[in-house]
Amino acid sequence: MSDENPSTSKDPPTEIQEEEVFEIIDFTNASDWEKFIAQIDEAIIDWHLNRYINLPPLQKNELTSGEWITKSTPLSFSNVPFTLTLHQLKQLENEHFEDSTNQDEEFQLPLYGKDAMDRTNDFPARAHCLSRWFGLRCFLLITPDTDPVMSKSKLNLLRSSAAIALNNTGCNIPMFVQIQEFWRRLYVGHATSPGIMTKYDMVHLKRCPVDHAHVHGLLYMLKAKLGLVAMPSLHYQVASRFTYMLKDWGSNGRWPAKIPDPEALASNFNTLLTGCLDDPVTELHLAATWPYRTGDMIIDNDVHSDYDPLKAPRWSIRLLYADDVTCLLAYYLFEFMKTADRRETLQDLLHYQEPKPEQDIGNVLDRLSDPNTKTVIPIVPKKLASGISKVVSNPQNFLRRGAYAISRISKGVERIRPDVLKDIIKFIFSDSEESSYATESRDGTLLHHKLKAAPVGSLTHRLAICAIVVNLCHGGVWALAQLWHAFVTELRQMLDSATNLSAIDISPPDLRTSLLHQKLQMLNCCIFRKSERETKAATAAAQEMEETILEQASNPDEVLDMSVELTKPDYIEDEGSIEGNKLSKPSEVQKPDGLFAVGAEAVEEDSGWPGFEDELEIDDEELEVETSDTEQHENKIEPSATQELTSQDTNEVQMEKNQVENVESSPDEDGGGKSTFDTDEDPGPRQKIASLQSESDDEFFECEEESDDIAVPEVAKTKSKPSKTDTQAEIAANKSKFLQQEAAGRLNQCGTLKLLYEDEPLYIPITQEHAPQTEDQLEEQAEVFSKLGDTLEGSQVRAKMQSTSLLSDMEAFKAANPGCVLEDFVRWYSPRDFEEGCLSPRMRIPGNLWVTTWSSARPVPAHRQKRIFDDTKEAEKVLHFLTNLKPAEITQMLLPMCVQETLLILRASSSNLLPCLPSLPPLCNQIETRASQLFQSWKMAGSVANQFVSWSPDEKSKVEDVLRQIAFAENLVERARSLQHKFSSLGEVKVVNAFVRNLLEHPEVELDGGANGKQGKIVRDFFKADQARQHAINNPQTNNMETNAEGSKPHLTTPVLPKPAGREFIIRTMAKHPSRISHEVPHRLYAVLAQSEFRLALSVSSDTTFF
Amino acid sequence: MDGEDVLTTLKILIIGDSGVGKSSLLLRFTDDKFDPDQSATIGVDFKVKSLTIDGNTVKLAIWDTAGQERFRTLTPSYYRGAQGVIFVYDCTRKDSFTRLDTWLSEVDTYSTKPTIKMLVGNKIDKEDRVVTRDEGLKFARRHRMLFIEASAKTRDGVEYAFEELVEKIIQTPGLWEHDGGGKKIKLDSEQQPAGLCSC
């Protein structure tokens, strides 16, 4: 047998194939046992282990630092399933290290034998237990899949199977079988190689037998096992390691040094606080190691031991971390996420506070079925509960108080105190210049676009921070509802008083930011226009106003004339309906003001905020108005396609409905509701543009005209009359008339161009800005456009719908350039279409929209035109949208800003902690990428009408993934900070950081200079302080006696270290076995002696040639 | 293959300076027509076409935009969610080529997800070409775009351009989603059942 094997390894291919063929033939009538062995054989051949494997010696700590690979395959022994697994340390590809030189030697130790005797990898910090116990870098393992192997006969059967398979294939890798209950981790094994056979056995006991509780006893046992009792201990090499555990860091090492102050937490709305409620670094394990001593040098028996850990040549520590420590950033976010699951509307929540008897039954029922705050199942109950309870169980008084306060603040309170709410609103709307845009770094700018959030310091950002803080500290979803209500009320007030929102730029909605931010930008645009108008109005003289009113009389009709386009039949239909719409509701012009009045009242009373009672009344009032809004919202759920075509009919039906349902409300409110509907209702697609042209203009042209007058005083007014009579003069025939018309609304000259038919320079007119739109509006418009289909008619309707701004520009151009022709306009507007002195062919197509629009355009400067952008209506839309958000939707809207803030905080930490936590920036990048993907892909469709698509389970789990990653990153930060704190006395920051980084990156770190080094001293001090505390509590005498009984500690008057939690020994020897004439073969005994575990792992080899 | 069996709907955007032939390219592709009297686009326009590539039918929603400066503030909103963007320039007009940089930065600013970009040099039928094929090629390479020269008038390269773009989008994982959910990409040829011979 042993002679054949070397040749197998020399020339594997042919021999193995033959063997294989033999096995396969045998398969058909083989017994279960033979089949089982054949399966193992096959696996070994599959994995190319059927050869003599030799490798260079292990590098220091390679068992820990190297990469392990595993392969596994299922086995079956008469239908009982097993798994065969190969564990292998990945080698740098030099597997064919063996070869000729080694083959020449007479007798050679196999790889596993060498590894077992190799002292460079004793007590690896992280490795498979078999590798640790037997010193192996490669092994095979058979584990039962279901029932553990309990009987002796089964064990023997499996063990022999392993031995036979190894022999069959010439594989020199040890193979183990797991026996007994799985948790006991008991294995027996076998290895064979030319000339040597090794048996692996284990002992596992609960208690340590007194005879073997020391090196002396273990040595004796090994000698007896080898039958070499007389062999001097000199030939036995012993590596020892004692482990000490520290669970209490004491007042110097405890982290957080100060528990976050709940008051500070609850009153800080500027940013989020960081910190943890408990120490993420839970335990320190100190290992004192004696790597090499010969057996005769050690005195360690039942009465005396010379092991002194303080003199151990090597000290190393490892740290245990808690993953579930509550950290504040994650705490904020997870608590906030709870709101995303709520179904209630804002009204439900605001009314839940103090129900009134006259409320309708629906609300009462809601209330009954509404879960109480305290019984709400949180998303992260375990995390928070453990965090809090741990803190509570801490003896330190301030910790308990802190935790109590936090839990009280976050759980007990269900509403914000009025004064606090007032302060919050004041803060959100405050005009603090320093904090807003100054903090916005270049990274920040990129970040808020990437995350589709809002600029740091902006109104939106502040609101988000306040919301997440309020949610955590001031009463959860109820407080959030309160805050939102107050926020929207304040917005309404700002609009009414035409006060621009601070901390938000007056620019069209930035589509790269969050929808909420866009909405607020939109509102701000509206307010800006309103205030501009009103400022002008305020300075205007009453006289002028009267004059303008006289002028108005003729204007509206003209507007209508112009918007009726005779060439497009289906468009006319819509025009007609709009006209009808307009005419049927002439009285509504003033109605929106009615609504404003209600809102304003509410605001006034709100701001006073005398007490809860008052507030409730306000709520009621507000609600009645809002109820009608909600109904419209529900009505709108009808497919928009049908609505698009029959919008007029539906409108009327809906209005009737509203009236019926609002029977109880007063006539005023009824009207208010209707008009809200009118303004908020998104008109059908074709109607939309048309309404901008006609209806809205009619409604609000009063203000327009006022502002016009002021903008262009006397001259403009006198001018406007001739211009009207000029509208028919399209072809420049009547020169005298042109001369009458004075130019108006010029911006600047367009280069050196001159008008074609006038000796005048070509002026670029002041033009109206395009109507700003938020992304959901744009999306809706795109939807409308695409629904028109790709027919020619559809195309024409689309063009017509978008020609509003073209018309406006043309009119402004005509006003700025009296005597101009379409060619002039084109030269400015689309220079490509003016070639070689005439219009391009496509501009000359008869009846094309450019020509027809041009002919319908009157010379009207921009400031006298009807508004393209109806800010009153748009502002109402925004407020309607905000008012009708549910708390869950609010959470969704605010989350990007919250994630952005946490990410910024983490990034700030990561730059501080870079020297000790270099892995944090990549982690932040990862979070950023994931969050970016998440928030970018969030579909906003339907949000115009408050028809949110709430998060799908998939999206939700993605959100939670992001939050979990944030929690993990935060935990890392706290670990690093905790360690920095604990080892701060190490010296310079640089030194501390280097050591902390080492600790964080490696499972175990060796201390420079052992017990007497600087690092060792800190560790010693921690233990010493802990010992002192223990002594104060325990009876010192009992303590001493125990120590003596264990025999593991020298007598110390003031013990620095506690009893070791575990003692490990590796005893090795090369000895002739089984007989005196055998070769010297390796033997190894590993022992671990702990409080409740005694384990021996023994490998004994035999020379198979000479016995 | 009936209309039901659509793998996905893709959003394609056509941009470029005014008068480079964006609408003409689109009309050639969708209706195989060339209309020299096509009026200048106002705002955005829209066309739909189904395309079958390797047995997979894909519905294209193609948004055609106006090139005029003043319309530019209107169009970026349509960039959102586009899987493919076709940049068109006129081979006979240098400025339409040099302005591509502006268009590119606009797309980079406003598009929300990664898009496949294609550069199309139009009007190669004309004699007075000033932008060489090599220049276009270099630009496309620098900005990682597909490149083709075409003529809406003579139909050269038009269909091929759209096909190429769609194929590239389909091949890029994560760019698009199944419409029906259950449909799988079809293999080129259907497998014949293996015949068994009986003795």
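**Exercise 1.** In which loop of chain A is Pro1074(A) found?

*Solution.* The model is predicted; local features require pLDDT of at least 70, side-chain atom pairs count only at pLDDT 80 or more, and totals for chains, interfaces and linings use all residues. Residues are numbered from 1 along each chain as its sequence is written, chains are lettered from A and ligands numbered from 1 in the order in which they are written, and side-chain values use heavy atoms, with hydrogens and water left out.

Step 1. Helices (H or I, at least four residues) and strands (E, at least two) are DSSP runs, numbered from the N terminus. Pro1074(A) belongs to the loop between β15 (1062-1072) and β16 (1080-1090) of chain A.

Step 2. The peptide bond joining His1073(A) to Pro1074(A) is cis, with omega about 5°.

Step 3. Trp255(A) and Pro256(A) are also joined by a cis peptide bond, with omega about 0°. Pro256(A) sits in the loop between α10 and α11 (262-267) of chain A.

Step 4. Arg185(A), a residue other than glycine, has a positive phi near 50°. This arginine, Arg185(A), is in the loop between β4 (175-179) and β5 (186-193) of chain A.

**Exercise 2.** Describe the interface of chain A and chain B.

*Solution.* Step 1. The size of an interface is often given as the accessible area lost when the parts come together. Buried area is here the accessible area (1.4 Å probe) that two parts lose on being put together, summed over both. For chain A and chain B it is about 2,800 Å², 53% of it on carbon and sulfur atoms.

Step 2. With contact meaning heavy atoms within 4.5 Å, chain A contributes 36 residues and chain B contributes 27 residues.

Step 3. A salt bridge is a side-chain nitrogen of Lys or Arg within 4 Å of a carboxyl oxygen of Asp or Glu. Three salt bridges are counted between the two chains. Asp809(A) and Arg70(B) form a salt bridge through their side chains, at 2.8 Å from N to O.

Step 4. On chain A, at least two residues of the side that touches chain B come from each of α34 (775-787), α35 (792-801), α36 (804-816), α38 (841-844) and α39 (849-856). The largest share, seven residues, is supplied by α34(A).

Step 5. For classes, Ala, Val, Leu, Ile, Met, Phe, Trp, Tyr, Cys and Pro count as nonpolar, Asp, Glu, Lys and Arg as charged, and the others, Gly among them, as polar. The side of chain A that touches chain B holds 13 nonpolar, 13 polar and ten charged residues.

**Exercise 3.** At what angle do α22 (residues 515-539) and α34 of chain A pack?

*Solution.* Step 1. Axes are lines fitted to C-alpha atoms, for helices over the stretch in contact, and angles run from 0 to 180 degrees between N-to-C directions. The angle is about 95°, and the axes are 9 Å apart.

Step 2. Angles of 65 to 115 degrees count as roughly perpendicular. α22(A) and α34(A) are therefore roughly perpendicular to each other.

Step 3. Leu515(A), Gln518(A), Lys519(A) and Met522(A) of α22(A) meet Glu775(A), Asp776(A) and Gln777(A) of α34(A). Two of these contact residues are nonpolar, two polar and three charged.

**Exercise 4.** Which parts of chain A does the pair Arg1029(A) and Asp248(A) tie together?

*Solution.* Step 1. Their side chains meet in a salt bridge at 3.5 Å, N to O.

Step 2. Arg1029(A) lies in helix α45 (residues 1014-1033) and Asp248(A) in the loop between β7 (237-246) and α10 (250-253), so the pair links parts of chain A that are 781 residues apart in sequence.

Conventions:
Angles under 35 degrees count as roughly parallel, over 145 as roughly antiparallel, 65 to 115 as roughly perpendicular and the rest as oblique.
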